[in-house]
Amino acid sequence: MSADVQTCCCCKKKGACVGCNVRSCRKMFHFPCGRKHGFISQFSGLFPSYCPDHSPSQSLCVSSDLSLPQSCSVCLDSIDPVLSYSVLKCPSCHASWFHRDCVQRQAHSAGLFFFRCTLCNNKDGFQEEMLRMGIYIPERDASWELEANAYSELLEVYTRCDALACLCNDGRTHSAKSGWFEVIRCRLCGSTGTHRKCSGLKVDTSDWACCDCTQATDGKASLVTSPQGGQRRSLLSKRRLSPIVSSISCKRPVSCGGSGSPEEILQALGPQLRPLSVQVEVDGDQALSAGLDLVRRADFDPTCSLSVRFKDDQQTTFPSSLQGSDTARQYFLKLLVQQIQDSVVFEGPDGSKNMALDSQALRDDLYFDVGCLLALSLVHGGPPVGFFSRALYQCLFNYPPNRPLAVTHMTPDTHLTRRVSRIAEAESLDDLKRVVAESREYLELAGCDRPISGLEEREALVEDLVSFTMITRMQLPLQRFREGLQTLGVFDQVQLFPSMFCSVFCEAANRLSAQTVAQIFTVNFSEQEDRLSKETPVVSFWRHFLLECEVGRSSISLQDLLRFSTGAEELPAVSLLPAPSVSFLHPEEAGGGEREAASARRDEGLFPQSVPASKHLLLPVCSSYRAFKSSMEQAVSHRVHLLPSGS
C-alpha cells in the first residue's frame, strides 16, 4: 500500500490503519483522530468504520414536538434537538435526547445487561441503534453490581426503641434476642420499633403497629390485606388510603403478545381474577345501585369473579335459567356503563360527556366508586366505555399531550360555558370590558380578574378560564376518579398507552359486521373425509347467512346471533374468553335400506345448538342454503326472545 494512502486524513501523519467501510471512499485515519473528527466506528459484526460523509444517521419522527425545551436524558443539561454526530436520540420513544459522550458513559457504567433508554426503558431496539451509531457497550454486568458489599445496607434492620419513655437500662439501641427488651418493629412500616416492656406489650407479642400507622388505618390492621377494609370512611379518611391496585407491577406494560391492542392489554390483566365469585343482586334494572353496593362492601375484592342475579316482584327481568351465567354478567355490565353515563358524575351530550362537579357526589366519594366500577367492567368483560369526550380524556391522561383546551371543549349550554363564550366572541375592546365586568365574580374565583388593555388579551383570558373550569376546579373529582380507575391496574395501563385506549373511552362500539363475526369464530372441521366434504359447503352457508343478517334479509340480526352463540349482545372491550368456535351437527346416519328416505328427511328437525359458557356453536349440516337459513332463524329466534333487551 502506498505511503499517501496510509496518511491520516485528519492529522496528515503516517500510520493510518483504519479506513472508511465504503469501498469507493479512500479516506484513512488513526482511530483516535477519527473519534475527534466525527468518524463512526461500530463495535459489532465486522467492526466497520465510516467517515463523516458516509456515516449512518438517524431520522426525526414526524410527530416529535420540538417546541418544548429539550435536555439530555443523562446529564439533564439543555440540548439542541438537532441530530448530529454529538447529539443522538432514542429510536423508540423519539422523546429522549442524549449527548454522545453522556450516552457512552452510561453504556460503560450500565453494561450490556442494564443499558437502556432512560425515558421509555426500551432495551433491545435502543441497544441496536446505539451500536449502529458507534456507541461501545461492554459485555459485562453493571458497575454498581460489581462493587463489593454494594447492598449490605439492605441486610440491616431497625433496632431502636422509639417509645416515649424507654425502660431499658442499656439504652434505646439495645435489643435482646427475646424477652421484654427485644426490639420489635412495626408490622406495617418497619421503620419504627419498641421494646415490649416500654409499650406495655406481652412478653410473647410479635405483632405490633406504631401510632402513625394505626391512625392511618383507623386502628385496623386490615390495610395490609384489604385497601378498603373496615367500615365506609369519610372522604378525608379515604384519601389517605391506597387505591385498589393490581397485584402485578402496574407501572410497567403488561406482557401481551400480538399487536399490543387494548383488547390484548386488558386480557393480560385478566389472570388477576380468581375463580372465587362474589354475588351481585340487581333489583330490577338498577345496575348502578347494585354496583355501588358491591364496591362499598367492607370485604370487597376486585379480583373475585362476578355472579349476577336479577330480581323483581314479578320475576320477569331475567330468566331464572340464566341467573349467575356469563350472559347475566355481561347484561349487568352493559346496564352499568349506560347508567354511569347518565349519572350526576357526568354532563353533556350522549357519547361525549365531560365530568360534572357535584358536591353531594364529592361527599359520597362517588367519583372514586364510578372509576372503580368502570375499571371492573373493562377487565370483567364489559363493553367499551365509549362516552368520554376527547377533552375529558385529555384531562385524565394528558393525551394529546400539553394541548390547550378551547371553549368548544366545554360542556354546551351551561352557565359557565355561556359566560366564557361571550368573552371569546367579543369583537371590540369595549365589548370585552363590558362582558368582563358582568362576569367579575367568576373571574375573581378563577384568579383571572386583571385589567384588560387590548383586544389581543382576549385569547389568553379565555384559555385561562377554560383551564380553570375544566381542570383547576375539577382537581379533586379528577383525582378521585383516577384513583378509582387504578382498580386492577387499568389506569396505569391506559396511562402507558393513551393513544391505544382513546377509542375504548371516547368512541362508541363499532356496529357489528358480518366480517367481524366471521373472524371471531374459529371453524373446527372433522377429521373424517366423508364428514369434511359435507361441512365445507356449510361454511359457505354460514358466511352468506351472516351477510344476510347484516343487510336485513333475515328475521334475526347479528346481535341476536351473537347472543345465541356467546351470550354477549356486543363485543366487550376485552376479547371474548374462551375464544368462540364453530363445529358441525351431523344428522344421524341411516342404514342401507333407509338411506334414501333418510336423505329426504335429513334437513328436518336439525337445528343449531350453542353452549354460551364455552362460546361454542354447532351448525346444522344441511343439504341446501334454504334449509340452513330456516333452521338458524327458528332456533335463534326462539332462544333470544327469552333474553332481556339492553336497548
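Begin by selecting R450 and D464, which form a salt bridge (a side-chain nitrogen of Lys or Arg within 4 Å of a carboxyl oxygen of Asp or Glu) whose closest N and O atoms are 2.9 Å apart. This pair links distant parts of the chain, with R450 in the loop between α14 (440-446) and α15 (458-472) and D464 in helix α15, 14 residues apart. Helices (H or I, at least four residues) and strands (E, at least two) are DSSP runs, numbered from the N terminus. R450 is partly exposed at 30% relative accessibility, and D464 is partly exposed at 32%; buried means under 20% relative accessible area, exposed over 50%, and partly exposed in between (1.4 Å probe, protein chains only).

The model is a predicted one, in which local features need pLDDT of at least 70 and side-chain atom pairs count only at pLDDT 80 or more, while totals for chains, interfaces and linings use all residues. Residues are numbered from 1 along each chain as its sequence is written, and side-chain values use heavy atoms, with hydrogens and water left out.

Select R434 and E438 next: the closest N and O atoms of this salt bridge are 3.7 Å apart, and the two residues, four apart in helix α13 (residues 429-438), are separated by about one helical turn. R434 is partly exposed at 42% relative accessibility, and E438 is likewise partly exposed at 42%.

Finally, select R196 and E182, whose side chains meet in a salt bridge at 2.9 Å, N to O. R196 lies in the loop between β8 (193-195) and α4 (211-216) and E182 in the loop between α3 (124-132) and β7 (183-185), so the pair ties together parts 14 residues apart in sequence. R196 counts as buried, at 5% relative accessibility.
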